[in-house]
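Good morning, everyone, and thank you for making the time.

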Amino acid sequence: MKILKQIRWVVCMLFALSCARVTSPTGGPKDSIPPILIQSNPKHGEINFIGQQIDLTFNEALILNTPKDQIIITPAVGKDFEATLKKNKVTIRFDNPLTANTTYSVNLREAIQDITEKNPAENVHIAFSTGEYIDSLSIAGSLYELLTSAPVKDGTVALYEKDTFNIFRHKPIFFTKTDNKGYFELSNLKPGNYFIYAIVDNNKNLVADSRSENYGFIATPLTLTSNIKNTEISLVRLDARNLKLTSARPTQTFFNIKFSKNIKSYSLSTRDNQTVYASFGADQENIRVYNPGYITDSLLVHLQATDSMSHKIDTSLYVKFSSRELKPEPFQINNNGFTASAINGTLTGSFEVNKPLAALSFDSLFYQIDSTTIIPFTRENVQYDTIHNLLTITRRIDKKLLLKPKEIAARQSKPRSTETAPRAIQNTKTREYTFYAGGGTFVSIDGDSSKRIEASAKPATLESTGMIIVQIKTAEKNYIIELLAKDKVVASRYSIPTTTFEDLQPGEYKIRLAIDKNGDREWSPGNFDKKEEPEPVVYYHDENRNQIIRLKANFELGPLLITY
């Protein structure tokens, strides 16, 4: 009997514990209906409001989701408000009295969610006035990344009225955020002239940080007398900080010059025109100066540097090197790819080195077609970009050397296909087709030499490659047409209404058109201080707005039309 009594007590305790535990109900249909606003004080459209808090009542129990980030109040009150929740009632209380004769707009975004599935209340927007009327004009549009044309989700779009406003220092009064498709609407505005800009406000301080945040602006003001629609703002990443020289000192076997941000170009010179061996370091914030052997103490050099916003540094400094015996960093060569084209008879390759070259031997630099045919390279075939440490090798040869006998005849009878599948190529004996750079071909400024390089480069033929024809329709005089693969530029043309990109490997491509407004033959990213917008960029897309161009072997696509 005692055992039975003890079992009963245990069962009762377990039953009591199970009754006390609160859990979400299981089973039944999933709640997909968002909370609905059923009452507000003030009401939407109310005038002469004199309170210091807003009360919002919904039809179900709620939770708050980061209200100070999600709730947007304009004109801005910053974070000088407190949002509290009691069951299904939300109270927004302002720390300071509201400004007289002002229309306020409150957008909850995703701050209010139901307690079961966290469905956010949709399109909850309340406008009220502390004066006798409600401002009712609006500016709407979309936000997108300029260099990819992708819509910007959760971007901040803002307005200011005075041209002394600086987006890098000042916080806006009127602002909103974009939806998942990059759409925005600034509502309840009074008539007037407004400047508009946008930022990806990662640190949520309502100030553009050009070092880490994309931003964009429209240089001319918008005159608001009626609702404005279809306002498009493009974003770019452009460091607008002033250019500064932050350090200059010996490091390892080189002298390192460091800047506050990336520079676009530089020059180093001496009074007696001595050769200065220098290149960018791991990034374009650093310049490395190497000792060619004759510098025993220090060398006075004149430095000029320019960033992408045309900020300049023009100064002189002494270059010194460590007196200690230091082991230089290993010499590295990165092969960016070597190609041979049997279509136009060209051999092309590029190589990056991690430090300046002191010598280049051409005796062991060649392209081998087979055991009896070798194509050598000479100094005229090699270009060396000393700033970026980039070697480019180009040579034209008789294209018949790159074609098999049967392929030469086939070119006359097998044109490219535009609608049908490509024809099969008969199997033939494979040739060697290899690029060679023997050991010691490249010698660095530190005296170390390269290892042997071999790169297979079978000639591209009409049957194995494709072609894209592009047609541009624009009134602009100057423009750049760029072909992109994996979002990297692989070929470009300048101001040619109809152009052909040949010799292309099968794959996916995009075509980008950049309008060269200032005619400097390169895309300019703009300058907020000078009120210069980035030069326009548009992408080719098909009737379904798809930018991807899928090219097959032995196919010719186009002409693909881009209109601006």
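Predicted model: local features only at pLDDT ≥ 70, side-chain atom pairs only at ≥ 80, totals over all residues.

Let me begin with the largest cavity, whose lining is made up of Y215, G216, F217, V236, L238, P525, G526, N527, F528 and P534. By cavity I mean, on a 1 Å grid over the protein atoms alone, a set of points where a 1.4 Å probe fits but cannot get out, and lining residues have an atom within 4 Å of a point. The lining divides into 7 nonpolar residues, 3 polar ones and no charged ones, where Ala, Val, Leu, Ile, Met, Phe, Trp, Tyr, Cys and Pro count as nonpolar, Asp, Glu, Lys and Arg as charged, and the others, Gly among them, as polar. The volume of this largest cavity is about 40 Å³, taken as the space filled by probe spheres set on the points, with grid points joined across faces, edges and corners. A search of the whole structure finds 1 cavity of 30 Å³ or more.

Residues are numbered from 1 along each chain as its sequence is written, and side-chain values use heavy atoms, with hydrogens and water left out.

The mean pLDDT, the predictor's confidence in each residue from 0 to 100, is 88 for the protein, and 90% of its residues reach 70 or more.

As for the overall fold, the protein has 3 helices and 42 strands, which are DSSP runs numbered from the N terminus (helices H or I, at least four residues; strands E, at least two).

Take strand 7, residues 103-107, where 4 of the 5 residues are buried, meaning under 20% relative accessible area with a 1.4 Å probe and protein chains only. Strand 7 pairs with strand 4 (residues 72-74) in the antiparallel sense over 3 bridges, pairing requiring that DSSP finds at least two bridges between the strands. Strand 7 also runs antiparallel to strand 9 (residues 125-129), to which 5 bridges join it.

Technical notes: 1 Å grid on protein atoms, 1.4 Å probe; cavity = no way out; pocket = protein on both sides within 12 Å on 5 of 7 lines; lining within 4 Å. Buried < 20%, exposed > 50% of the residue type's maximum accessible area, 1.4 Å probe, protein only.
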